[in-house]
Amino acid sequence: MTPERNERLTTVLNKRQPDITVVLENVFDPHNISAVMRTADAVGMQDIFILNTKIPPHKKWGAKSSSSAAKWLTVHQYTDANECFAELRKRYKKIYTTHLSSDAVGLHELNLTEPVALVFGNEHSGVSEEIIAMADGNFIIPQVGIIKSLNISVACAVTLYEAYRQKNSAGHYDAIKLQGERFEGLRNEWGFLEEE
């Protein structure tokens with residue numbers, strides 16, 4: 001690895017935020033997943049959880065919309081909701097779903113500086129009742145138009161950039177959060193990947 005490439009990879013890894021993740025529940029379209037991955041990489045997220053309980057596990061993501069973002073992320077795929085949530089509970093303090101309900105809070109009211117997992121449901125029916133019951137709360141993205149929902153990749157982008165804003169204001173990007181074996185492992189793994 002050239003010194004320049006090592007420096008570039010190290011700079012990116014120094015900004016990674018292991019205390020935030022996105023969970024995509026039964027999202028059908030691989031292009032939507034890829035678009036989410038691209039945003040996740042852009043805001044320094046490292047881990048993404050794909051939970052498919054009603055559709056088969058995905059074999060690949062839509063390469064066009066992601067600019068191959070998947071290879072820079074650690075993708076965790078689950079087919080069992082309880083297993084997925086057991087892992088999430090080990091890593092994150094809160095789990096929130098995007099769901100329009102009477103107890104939902106606005107996105108900007110969430111504290112996204114604490115370790116948090118954000119669950120987005122599929123394109124047609126949203127987050128399932130099972131997952132809503134397992135989460136710590138629901139949030140909505142404020143909207144004033146006729147249509148009360150956004151495309152999943154857009155909703156995810158809006159949410160992750162609010163997290164970026166909060167975390168940046170709190171100085172999270174100034175502190176190195178990935179360290180030790182995980183940092184070195186990713187840098188070595190990335191060293192063999194081609195950049196687009």
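This is a predicted model: local features need pLDDT of at least 70, side-chain atom pairs count only at pLDDT 80 or more; totals for chains, interfaces and linings use all residues.
Okay, quick one to start: which residue forms a salt bridge with Asp-19? It's Lys-177, with the closest N and O atoms 2.7 Å apart. Asp-19 is in the loop between helix 1 and strand 1, and Lys-177 is in the loop between helix 6 and helix 7, so this pair ties together parts 158 residues apart in sequence. Asp-19 counts as buried, at 13% relative accessibility, while Lys-177 comes out partly exposed at 26%.

Altogether the structure has eleven salt bridges. Another one joins Asp-47 and Arg-91, at 3.6 Å, N to O. Here it's strand 2 and helix 4 that get tied together, 44 residues apart in sequence. Asp-47 is buried, at 1% relative accessibility, and Arg-91 is partly exposed at 33%. Those two also belong to a salt-bridge network with Glu-87, Lys-90 and Arg-182.

Let's stay with helix 4, residues 81-91. Its buried residues include Cys-84, Phe-85 and Leu-88. At the N-terminal end, Asp-80 is the cap: a side-chain oxygen sits 2.9 Å from the backbone nitrogen of Asn-82.

Val-154 is in helix 6 and counts as partly exposed, at 39% relative accessibility.

Definitions and conventions: Residues are numbered from 1 along each chain as its sequence is written. Side-chain values use heavy atoms; hydrogens and water are left out. Helices (H or I, at least four residues) and strands (E, at least two) are DSSP runs, numbered from the N terminus. Buried means under 20% relative accessible area, exposed over 50%, partly exposed in between (1.4 Å probe, protein chains only). A polar contact is a pair of N or O atoms within 3.5 Å; within protein, one must be able to donate a hydrogen and the other to accept it, and residues adjacent in sequence count only if both atoms are side-chain atoms. A salt bridge is a side-chain nitrogen of Lys or Arg within 4 Å of a carboxyl oxygen of Asp or Glu.
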